[in-house]
Amino acid sequence: MATLAYSLGKREINQYFTIKNAKVISVFLALVLLLLHSSARVLIGSDSCTWLLSTGRFLRNRVWQPDGCMMHRYNHREASTCLDGKKVLFIGDSRIRALFVSFVSIIASQRQFPVKRHADISFKDNSSTAQVDFVWSPWTNNSMKERLISASNAPVKPDVLIVGAASWIIRDFKGSAEGLHQYKVNLTSMSPALERLAQHADVYWHIQEPVNWRALSASRRMITDQQIDLYNEAAAEALSFGRSLVRPLSVSRLAALETLNQSSDGLHMADSSVDVGAMALMNSVCNKVIRPIDGSCCQNSPPLTFLQKMALCLFVASTLLFLLFHFLRKRPHRRPPAPDPESLEEKKPATAPGPPGAEAACGALCRMGLIMVYFYLCDRADVFMKEQKCYSHSAFFIPLINVFVLGVFCSESTKESRVLNREQTDEWKGWMQLVILIYHISGASAFIPVYMHVRVLVAAYLFQTGYGHFSFFWLKGDFGLYRVCQVLFRLNFLVLVLCAVMDRPYQFYYFVPLVSFWFVIIYGALAAWPQIVQKKASNSALWYLGILLKLVGLLLLICLFAYSQGVFESTFTAWPLSSLFQLDGDIREWWFRWRLDRFAVLQGMVFAFLYLLLQKKQVLSETRGEALFSAKVSLPLLLLSGLSFVTYSVWASNCQTKAQCNQMHPYISVLPILAFILIRNIPGFARSVYSSFFAWFGKISLELFICQYHIWLAADTKGILVLIPGNPSLNILVSSFIFVCVAHEISLITNLLAQLLIPKDTVALLKRLGAVGLLSLLLGARGHSSSGA
């Protein structure tokens, strides 16, 4: 994927295989995959509950993965909320009792409650009104039938019913054909009662797990896998699975096939396989109620919200206008107007053409609309499959090594050799973004050393934010409104569209609110009176003291917010900031994200100030091929930088918990960042080359970071999008190819719309900002009234 994407960006490599052609291929692939998945849903079925209850496998980390959807792991609070006021009834033998115990342990968050052998058991959750009962009935006889009839006629009927039995019948009839026949007859007679219950309850028949025959006691040796299979087939025929409302629960059987050797007595399965069945049952019952993000099984697409409908109307209108403009421009040529006989000039048409750029704007919004349809289909509609992440060292480090080999291989000379030149910063953003992508899709956040090193990369992005914006304002002195609107539009356009289309709050895409906030802070600090720029400071050294005072004031402000959570919360929970920085009505996510890298932007500003000052004083040697400092200074700095890298890695590897690491992170993350800058720039040969491979990705790093949420990952980053089931490598290749092409196209659309929608004329810009503000107030009032209703 990386090699292909790089070659796409280098048009001169092959005139027939350009980025434009690649996007055409990606559109074709997306349409074909959409058609195939839609056809499969029609032909095979689209019930993800069936996938949950009857398919799956263990991943490398012993997490159960159903085919095509994600299974949420419920905790005590969620389970109690879902089952509040409900009655769950288990009827069967000791295998059903084990399933009951595992199910109750999810609600009670423990297994420590009395379990009686060969007796009924009742459980009542103290934190809710949920009631879970187990009825001991190991034979499918009249006694079980009467229990079912009694449950169907009871004033309070069960909301969930799980039934199953076979092993005792096989044992008592010694595996004879008579026992199998009697089993089938009894189930057939019980089928009407189960159907009646299934009309207002979720009814499941437990498919029997295999046995570990060698571990069975002598009295159970007649229970074989062949007998188990025969009894399961008889149950399927008698209960008409697929045609009746009774659902087969066979997921614990699949899990047992992989953990059979862990059975202690050969008959009762290991806790791990029983827990899979209980958790699948919980997902089947509760996903449609709780609607967890990482539980895509048994969930249907939510209804369209008001903003989603508004976005759809906007994109449709843009498409129609674009087609109208295109038709008018491409219509058959009419006879040109006759020239004026006196001036010999053509007469101007009676009607002037549309406003400049209108067709381009509509075309960009049309393309954006088509892309958003793909986003919605990938992560909101029930079209494509989703799977859980599975971390392993090889899944993270092997792609990482491959990417860096490619990056080093694609080296070119820089146009300039100054420190952190544009090509070098693009390269820096590019390789960091690729590392973050690999980190996310491999689920490497579970491994603390990798987690802490990636935290440094996020801090480095914010460091670059401080460095880049300070350098611009210090050198250019451009504090105009046009510059502010351009930057904020480019940062926020994609995220604001996704907030509407994907129905997510602004803070969900935490990185964009973070960099937008810091840009406003940088602008406010430097634009405030007195405005100090390099040209002014060159006339008097006192202005340098002024800029230092501004930086110190910013540091004090950061410390005030960081060490006074009350001040922080009272500031960001006030309207209108609350709508920007709260996630699901809570400020804690913004507090965590802001506080984690609170000094990184200021550190980048200080570094930019010192670097530009040294550059102005001609202390640095930035000539191509020459070391940045003298040999006496360069060698100790390089050794110190290498030591900083090693020290940080050793510290990160010895961290016990993320909380412990995150507490120290704001104070020490700058050390590896500065070490990298020095190692990358002190040697003249290193400063004079860059990786064009990484730089290409760096130019679209923001789009890559945001787009991955929904069209590369899935379930709002909790899972992985599956376009090609059954082949993970090919799936990653195809989804990555489409993902990169989409990110590149969104980058072009954003840049184009920024030029068309943000005029340089201040009066026109203020009018548009007023219109946007009024529209925001109207939408905010509409959303507030909807939530109140």
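**Exercise 1. How many cavities of 30 Å³ or more does the structure hold, and how much space lies in the largest cavity?**

Solution. 
Step 1. On a 1 Å grid over the protein atoms alone, a cavity is a set of points where a 1.4 Å probe fits but cannot get out; a lining residue has an atom within 4 Å of a point. Points are joined across faces, edges and corners, and the volume is the space filled by probe spheres set on them.
Step 2. Count. The structure holds three cavities of 30 Å³ or more.
Step 3. Read off the volume. The largest cavity has about 50 Å³ of space.

The model is predicted: local features need pLDDT of at least 70, side-chain atom pairs count only at pLDDT 80 or more, and totals for chains, interfaces and linings use all residues. Residues are numbered from 1 along each chain as its sequence is written, and side-chain values use heavy atoms, with hydrogens and water left out.

**Exercise 2. Which residues line the largest cavity, and which helix gives the most?**

Solution. 
Step 1. List the lining. It consists of Phe 517, Trp 518, Ile 521, Leu 554, Leu 557, Ile 558, Phe 561 and Trp 594.
Step 2. Assign elements. Helices (H or I, at least four residues) and strands (E, at least two) are DSSP runs, numbered from the N terminus. Helix H18 (511–527) and helix H20 (542–562) each supply at least two lining residues.
Step 3. H20 gives the most, with four residues.
Step 4. Sort by class. Ala, Val, Leu, Ile, Met, Phe, Trp, Tyr, Cys and Pro count as nonpolar, Asp, Glu, Lys and Arg as charged, and the others, Gly among them, as polar. The lining has eight nonpolar, no polar and no charged residues.

**Exercise 3. Describe the second largest cavity by volume, lining and class.**

Solution. 
Step 1. Volume: about 40 Å³ of space.
Step 2. Lining: Arg 490, Leu 491, Phe 493, Leu 494, Leu 702, Glu 703, Ile 706 and Thr 750.
Step 3. Elements: helix H17 (481–501) and helix H30 (701–711) give two or more residues each. H17 has the largest share, four residues.
Step 4. Class: five nonpolar, one polar and two charged residues.

**Exercise 4. Which residues have the most contacts inside the largest nonpolar core, and what is Trp 594 in contact with?**

Solution. 
Step 1. Buried means under 20% relative accessible area, exposed over 50%, partly exposed in between (1.4 Å probe, protein chains only). A nonpolar core is a set of buried Ala, Val, Leu, Ile, Met, Phe, Trp, Tyr and Cys residues joined through side-chain atoms within 4.5 Å.
Step 2. Find the core. The largest has 157 residues, and those with the most contacts inside it are Met 372, Phe 375, Trp 428 and Trp 594. Helix H16 (residues 448–476) gives the most to this core, with 17 residues.
Step 3. A second, separate core has 52 residues, including Met 71, Trp 168, Leu 260 and Met 282.
Step 4. Inspect Trp 594. Contact means heavy atoms within 4.5 Å. Neighbours within four places in sequence aside, Trp 594 is in contact with Leu 514, Phe 517, Trp 518, Ile 558, Phe 561, Ala 562 and Phe 568. Trp 594 also lines the largest cavity.

**Exercise 5. How many disulfides are there, and what is the pairing of the bonded cysteines in sequence order?**

Solution. 
Step 1. Apply the rule. A disulfide is a pair of cysteine sulfur atoms within 2.5 Å. The count is four.
Step 2. Write the pairing. In sequence order, the bonded cysteines pair 1-6, 2-5, 3-4, 7-8.
Step 3. Take Cys 49 and Cys 298. Their sulfur atoms are 1.9 Å apart. Cys 49 is in helix H3 (residues 48–54), while Cys 298 is in the loop between helix H11 (271–290) and helix H12 (306–330), 249 residues apart. Both are buried.
Step 4. Take Cys 69 and Cys 297. Their sulfur atoms are 1.9 Å apart. The link is right-handed, with 90 degrees about the S-S bond. Cys 69 lies in the loop between strand E2 (64–65) and helix H4 (76–83), Cys 297 in the loop between H11 and H12, 228 residues apart.
Step 5. Take Cys 82 and Cys 286. The S to S distance is 2.0 Å. This link is left-handed, with -90 degrees about the S-S bond. Cys 82 lies in helix H4 and Cys 286 in helix H11, so the pair ties together parts 204 residues apart in sequence.

Conventions: On a 1 Å grid over the protein atoms alone, a cavity is a set of points where a 1.4 Å probe fits but cannot get out, and a pocket is an open set with protein on both sides within 12 Å along at least five of seven lines; lining residues have an atom within 4 Å of a point.
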